[in-house]
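Colleague: Can you walk me through this model? Keep it quick, please.

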Amino acid sequence: MPRLLLASTSRYRRELLERLRLPFDVARPEVDETQQPGETPVTLAARLARAKAQAVATQHADAWALGSDQVAEVEGRALGKPGTRDMAIAQLRAMSGRTVRFHTALCIAHADGRAFDAIDLTEVRFRALHDAEIERYVDAEQPLDCAGSFKSEGLGITLFEAIDNRDPTALIGLPLIATCALLRQAGFRLP
């Protein structure tokens, strides 16, 4: 079986990949995540997933590197990880009563130039949220490292009217159905 590296230090992605029971190591990709002028949220996610995978793959000639990136989109604008309480509150206010698109891109790359890509779209319909409940949520869960300022696997679920997707793991950060397809393309045996 080929060697696998997760090109991410996200604990959420690591925990999801562990579900597949494949041995893997974690490597930090050194990638500038700045959105380019005119770059759409879906293009940004795809570019960053590939850049992360390739950055790690080029350092490990004997392994496949799996990169992923998620970008939240509100009315055509990309939302990143909030980083601060105030920014998380502002993001949730902006999403209140709206449908938000989450683009989760994947790339598995090898140092020999082979690469396979996939992208998942999840749409989240937010309830109309009051400032007090937004602040209570942010203080309780502190989703400062999550695109969109929430954790759907935790209390974030209380903020939604509905989630429309093909893969329930995508919103957490690593769509496992698409991940399995890419791993098979790269020669991994699952289950």
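Modeller: Buried means under 20% relative accessible area, exposed means over 50%, and partly exposed is in between, with a 1.4 Å probe and protein chains only. This is a predicted model: local features need pLDDT of at least 70, side-chain atom pairs count only at pLDDT 80 or more, and totals for chains, interfaces and linings use all residues. Residues are numbered from 1 along each chain as its sequence is written, and side-chain values use heavy atoms, with hydrogens and water left out.

Colleague: Fine. Is Gln 142 buried or exposed?

Modeller: Gln 142 counts as exposed, at 53% relative accessibility. Gln 142 sits in the loop between helix H4 (131-141) and strand E7 (160-164). Helices (H or I, at least four residues) and strands (E, at least two) are DSSP runs, numbered from the N terminus.

Colleague: What is the phi of Gln 142?

Modeller: Positive, about 50 degrees, although Gln 142 is not a glycine. Most residues other than glycine have a negative phi, and most peptide bonds are trans.

Colleague: Which residue in the loop between H1 and E2 also needs a look?

Modeller: Arg 21 is in that loop. Arg 21 has a positive phi of about 60 degrees and is not a glycine. Arg 21 is exposed, with a relative accessible area of 79%.

Colleague: And Leu 22, buried or exposed?

Modeller: Buried, with a relative accessible area of 8%. Leu 22 lies in the loop between H1 and strand E2 (25-26).

Colleague: What does Leu 22 touch?

Modeller: Leu 22 touches Met 1, Leu 4, Leu 183, Phe 188, Arg 189 and Leu 190, leaving out residues up to four places away in sequence. Contact means heavy atoms within 4.5 Å. Leu 22 and Gly 187 are 165 residues apart along the chain, and their C-alpha atoms are separated by 12 Å.

Colleague: Where is Met 1?

Modeller: Met 1 is in the segment before E1. Met 1 is exposed, with a relative accessible area of 53%. Met 1 touches Leu 22, Phe 188 and Arg 189, again leaving out residues up to four places away in sequence.

Colleague: Which residues of H5 are buried?

Modeller: In helix H5 (residues 176-185), Leu 176, Ala 178, Thr 179, Cys 180, Leu 182 and Leu 183 are buried. The buried residues of H5 pack against strand E1 (3-6), H1, E3, strand E5 (99-110) and strand E6 (115-126).

Colleague: How many disulfides?

Modeller: Zero, from a search of the whole structure. A disulfide is a pair of cysteine sulfur atoms within 2.5 Å. For Cys 107, the nearest cysteine sulfur is that of Cys 180, and it is 16 Å away. Cys 107 is buried, with a relative accessible area of 0%. Cys 146 counts as buried too, at 10%.

Colleague: Pockets next. How much space lies in the largest pocket?

Modeller: About 650 Å³. On a 1 Å grid over the protein atoms alone, a pocket is an open set of points where a 1.4 Å probe fits, with protein on both sides within 12 Å along at least five of seven lines; lining residues have an atom within 4 Å of a point. Volume is the space filled by probe spheres set on the points, and grid points are joined across faces, edges and corners.

Colleague: Which residues are closest to the centre of the largest pocket?

Modeller: Arg 13, Glu 33, Asp 69, Gln 70 and Lys 81, out of 34 lining residues. Helix H1 (11-18), helix H2 (41-57), strand E3 (63-74) and strand E4 (77-79) each give two or more residues to the lining. E3 gives the most, with four residues.

Colleague: Last one. How many helices and strands are in the chain?

Modeller: Five helices and seven strands. Of the 191 residues, 49% count as buried. The C-alpha trace spans about 50 × 35 × 25 Å along its principal axes.
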